Amino acid sequence: MWGNTLRIRATVAAVTGALALTALAVPAAQADEAPKAKAAALTAQAPLDGDTSEGDTRITKVVINGGKSLALGTTARKTITAEVTATDPEGMYETHSFLWNGPGADAANNALGIFLPNSPTGTCTEVNATTTTCKYTIVVDPAAMYNNTAGTWKLWVYAVGADGDHVAKNVAGTTKILRASTLTANAAPEPVTKNKPITVTGKLARANWDTLTYAGYGAQPVQLQFRPAGSSTYSNVKTVNTNASGNLSTTVTAVKDGYWRWNFTGTSTASPIAAAGDYLDVR
């Protein structure tokens with residue numbers, strides 16, 4: 001069903017079944033069927049190869065991971081929540097959803113990776129007689145990721161009204177799943193005499209999902225920041241690029257006691273991160 005474009009590992013391959021998507025061949029519901037029966041039949045025929053809409057069912061709101069991106073490392077699984085609000089004048093029957101990654105807006109033919117929710121229909125709460133919000137819990141596993149799937153992930157949603165009206169959106173919402181970054185900082189020598197030079201070093205690395213290890217992230221701009229003792233605010237001092245191995249090094253003048261750190265603002269595929277501040281005693 002997914003063709004040769006689907007590159008996923010482990011249990012992610014279980015995309016069929018959990019969403020009843022193998023039932024695409026089930027005949028369409030007949031016009032004289034009761035609304036509930038028609039809705040159930042439509043759920044079994046959830047389309048994947050394009051957006052569809054019939055009647056006045058609408059998807060009105062989608063919130064994924066609270067609107068925040070997810071930094072994923074190399075070992076620990078993480079959980080993403082997706083909340084989908086849908087409405088129909090006759091009330092809602094059922095909603096289905098899953099996360100997918102790939103070009104365009106065609107999950108059937110372009111998906112490079114898929115993560116299913118723990119429950120295909122989610123946990124739903126009636127907002128009122130016409131509107132329902134369903135919450136999905138989706139576990140993201142680094143072992144099921146490849147580096148080329150870092151970045152934007154899309155939420156496929158299929159909503160069916162109690163009267164059999166329905167709407168499908170391949171991209172009902174989006175979120176970012178990024179390769180987690182690590183960053184260190186060290187200021188030396190310490191203690192140091194006032195107005196003498198110090199060297200601040202560090203290393204920027206990011207998760208490599210192809211090998212499930214961390215590797216240095218080269219040619220990236222990273223901000224050197226300083227926070228004076230007694231202050232809670234860091235200020236930018238200069239920007240330094242990492243070398244090919246992800247290493248950082250620069251020399252500055254020590255003027256007062258305080259904390260030195262590196263700050264990486266992230267990229268389209270790697271998460272932002274700030275190193276822990278390294279305290280320097282200036283005498």
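# Briefing: cores, links and backbone features

The largest nonpolar core has 26 residues, and Phe115, Leu155 and Ile177 make the most contacts inside it. At least two residues of this core come from each of strands S2 (58–64), S3 (70–72), S4 (78–87), S5 (92–101), S8 (131–140), S9 (151–161) and S10 (166–179). Another core, of 22 residues, lies apart from it and includes Leu204, Val222, Phe264 and Leu280. A nonpolar core here is a set of buried Ala, Val, Leu, Ile, Met, Phe, Trp, Tyr and Cys residues joined through side-chain atoms within 4.5 Å.

Please keep in mind that this is a predicted model, where local features need pLDDT of at least 70 and side-chain atom pairs count only at pLDDT 80 or more, while totals for chains, interfaces and linings use all residues. Residues are numbered from 1 along each chain as its sequence is written, and side-chain values use heavy atoms, with hydrogens and water left out.

**The chain overall**

- The protein chain has three helices and 20 strands; helices (H or I, at least four residues) and strands (E, at least two) are DSSP runs, numbered from the N terminus.
- Of the 283 residues in the protein chain, 47% are buried. Buried means under 20% relative accessible area, exposed over 50%, and partly exposed in between (1.4 Å probe, protein chains only).
- Taking contacts in the protein chain between residues at least 6 apart in sequence, 67% join residues at least 24 apart; contact means heavy atoms within 4.5 Å.

**The disulfide**

- A search of the whole structure finds one disulfide, a term used for a pair of cysteine sulfur atoms within 2.5 Å.
- Cysteine 124 and cysteine 134 form this disulfide, with their sulfur atoms 2.0 Å apart. The pair links distant parts of the chain, with cysteine 124 in strand S7 (residues 123–126) and cysteine 134 in strand S8, ten residues apart.
- Why is the disulfide right-handed? The torsion about the S-S bond of cysteine 124 and cysteine 134 is about 105 degrees, so that is its handedness.
- Cysteine 124 is partly exposed, with a relative accessible area of 41%, whereas cysteine 134 is buried at 2%.

**Salt bridges**

- Two salt bridges turn up in a search of the whole structure; each is a side-chain nitrogen of Lys or Arg within 4 Å of a carboxyl oxygen of Asp or Glu.
- One joins aspartate 141 to arginine 77, the closest N and O atoms being 3.2 Å apart. Aspartate 141 sits in the loop between S8 and S9 and arginine 77 in the loop between S3 and S4, so to speak distant parts of the chain, 64 residues apart.
- Aspartate 141 counts as buried at 13% relative accessibility, while arginine 77 is exposed at 58%.
- Aspartate 281 forms a salt bridge with arginine 283, and their closest N and O atoms are 2.9 Å apart. Aspartate 281 is partly exposed at 23% relative accessibility, and arginine 283 is exposed at 65%.

- Asparagine 208 belongs to strand S13 (residues 197–208) and is buried, with a relative accessible area of 18%.
- Leaving aside neighbours within four places in sequence, asparagine 208 is in contact with Thr74, Asn147, Arg179 and Thr213. The C-alpha atoms of asparagine 208 and threonine 74 are separated by 7.2 Å, although the two residues are 134 apart along the chain.
- The side chain of asparagine 208 reaches the backbone nitrogen of aspartate 210 at 2.9 Å, and a polar atom of that side chain lies 3.2 Å from the backbone nitrogen of threonine 211.
- Aspartate 165, in the loop between S9 and S10, counts as buried at 14% relative accessibility. The side chain of aspartate 165 reaches the backbone nitrogen of aspartate 56 at 3.3 Å.

**Backbone geometry**

- Most residues other than glycine have a negative phi, and most peptide bonds are trans.
- A cis peptide bond joins alanine 188 and proline 189, with omega about 0 degrees. The bond from glutamate 190 to proline 191 is also cis, with omega near -5 degrees.
- Asparagine 65, in the loop between S2 and S3, has a positive phi of about 55 degrees.

Conventions
Polar contact = N/O pair within 3.5 Å; in protein donor to acceptor, adjacent residues only side chain to side chain.
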